[in-house]
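Trainee: Please give me a close look at how the chains of this model meet, in one connected account and with every cut-off spelled out.

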Amino acid sequence: MPRIVREAEISWEGTTARGSGVVEALSSGAFRLPTTNASRIADPEGKTSPEELLAAAHASCFVTSLGSELARAGTPPERMHVHCTITMDEVEGAGHRVVASTIRARGVAPDADPASFAQAAEAADAGCPFSALIRASAIVTIEVELEEGDS
Amino acid sequence: MADRTANVTWTGSLLEGGGTIESVGSGAFGPLEVTWAARSEDESGGRTSPEELIAAAHAACFSMALSGALARAGSPPERLETSATVTFVPGTGITKVALSVRGSVPGMDEAAFLEAAETAKANCPVSKALAAVPEITLDAALV
């Protein structure tokens, strides 16, 4: 299989406490975002943080895995919505740690039933590369809900 | 404790469909498009991907850890330029993160900077979260 490389960059000026950075997507050019330590551990005030970027990474990784698992099961989705919360906490003796990633997945897949949808979500969690990584160091929780379609 | 959230919606199949990172808790970005093609082919076509977001998270986390460590050592940085390159092999997973940092740090010698950078790489929360990645490398130098 091909090796795919994706690159991002940050320029940081000053100390952690009072400085600030700009994080930029180099491969795609899709974003260029200010970040500070305060936006990370306190109120974000419109600025992103490493943990928010991880939440976006996990949600977008999981959604592609869920879509392919539903298709594989013969119940392709019309629409999926994934919400991810990354929790960072201060762990005694270990400093700040990402302790949990919580995924809430909803979707419309006309031929799926709640049990097969839940099964596809479980397979998606097993197959999503980000889930595999973060599970080694944090608690991954998956909540699922099959929704009724418009028709 | 700090929670950070993101919302992604996907419509249609993996190969022909597409997704949108609609919003994040801070409001700092979104909507951003994501597609399987943008993720799995050499050309991203201007769209982001989970791996690029991981690269952004790791570069940012490492820079904050390093700037904090340098300040504690009495040599706060003027500027740190960090890049992270994430390698993804479809079917296998994320196989490598390569961190590269160039620092302007008045009053610090190269050896002390390298040591601080190695410590930041070992201890930043995203490094810890990604500890299962088979290979995380660091290239650090003063400029």
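Mentor: A:Glu13 counts as partly exposed at 44% relative accessibility, where partly exposed lies between buried, under 20% relative accessible area, and exposed, over 50%, computed with a 1.4 Å probe on protein chains only. The model is predicted, so local features need pLDDT of at least 70 and side-chain atom pairs count only at pLDDT 80 or more, while totals for chains, interfaces and linings use all residues. Residues are numbered from 1 along each chain as its sequence is written, chains are lettered from A and ligands numbered from 1 in the order in which they are written, and side-chain values use heavy atoms, with hydrogens and water left out.

The partner of A:Glu13 is B:Arg79, and their side chains meet in a salt bridge at 2.1 Å, N to O; the term stands for a side-chain nitrogen of Lys or Arg within 4 Å of a carboxyl oxygen of Asp or Glu. B:Arg79 is likewise partly exposed, its relative accessible area being 29%. Over all chains the rule gives 10 salt bridges. In the case of this pair, B:Arg79 sits in strand 4 of chain B and A:Glu13 in strand 1 of chain A, so the bridge joins two chains; helices (H or I, at least four residues) and strands (E, at least two) are DSSP runs numbered from the N terminus. Between chain A and chain B the count is one salt bridge.

Polar contacts across this interface come to 34 residue pairs, both residues at pLDDT 80 or more. Such a contact is a pair of N or O atoms within 3.5 Å; within protein one atom must be able to donate a hydrogen and the other to accept it, and residues adjacent in sequence count only if both atoms are side-chain atoms. Among the elements of chain A that each supply at least two residues to the side touching chain B are strand 1 (4-13), helix 2 (50-72) and strand 4 (79-91). Helix 2 of chain A gives the most to that side, with 14 residues. By type, the residues of that side divide into 37 nonpolar, 22 polar and 13 charged, with Ala, Val, Leu, Ile, Met, Phe, Trp, Tyr, Cys and Pro taken as nonpolar, Asp, Glu, Lys and Arg as charged, and the others, Gly among them, as polar.

Counted by contact, meaning heavy atoms within 4.5 Å, the interface takes 72 residues from chain A and 75 residues from chain B. The area buried between the two is about 6300 Å², of which carbon and sulfur atoms give 61%; buried area is the accessible area (1.4 Å probe) that two parts lose on being put together, summed over both. In chain A, the residues that lose the most area to chain B are A:Ile4, A:Arg6 and A:Leu133, together 13% of what that side buries.

A:Ile4 also takes part in strand pairing, with B:Phe88 in strand 4 of chain B as its bridge partner. Strand 1 of chain A pairs there with strand 4 (residues 79-89) of chain B in the antiparallel sense, over 10 bridges; two strands pair if DSSP finds at least two bridges between them. Strand 4 of chain A is joined by 10 bridges to strand 1 (residues 2-11) of chain B, again running antiparallel, and within this pairing A:Thr87 stands opposite B:Asp3.

Leaving aside neighbours within four places in sequence, the contacts of B:Val8 include A:Ala56, A:Val63, A:Met80 and A:Val82 from chain A, and B:Ile21 from chain B.

Within chain A, the side chains of A:Arg40 and A:Glu51 meet in a salt bridge at 2.9 Å, N to O. A:Arg40 lies in helix 1 and A:Glu51 in helix 2, so the pair ties together parts that are 11 residues apart in sequence. Both A:Arg40 and A:Glu51 are buried, whereas A:Glu13 is partly exposed.
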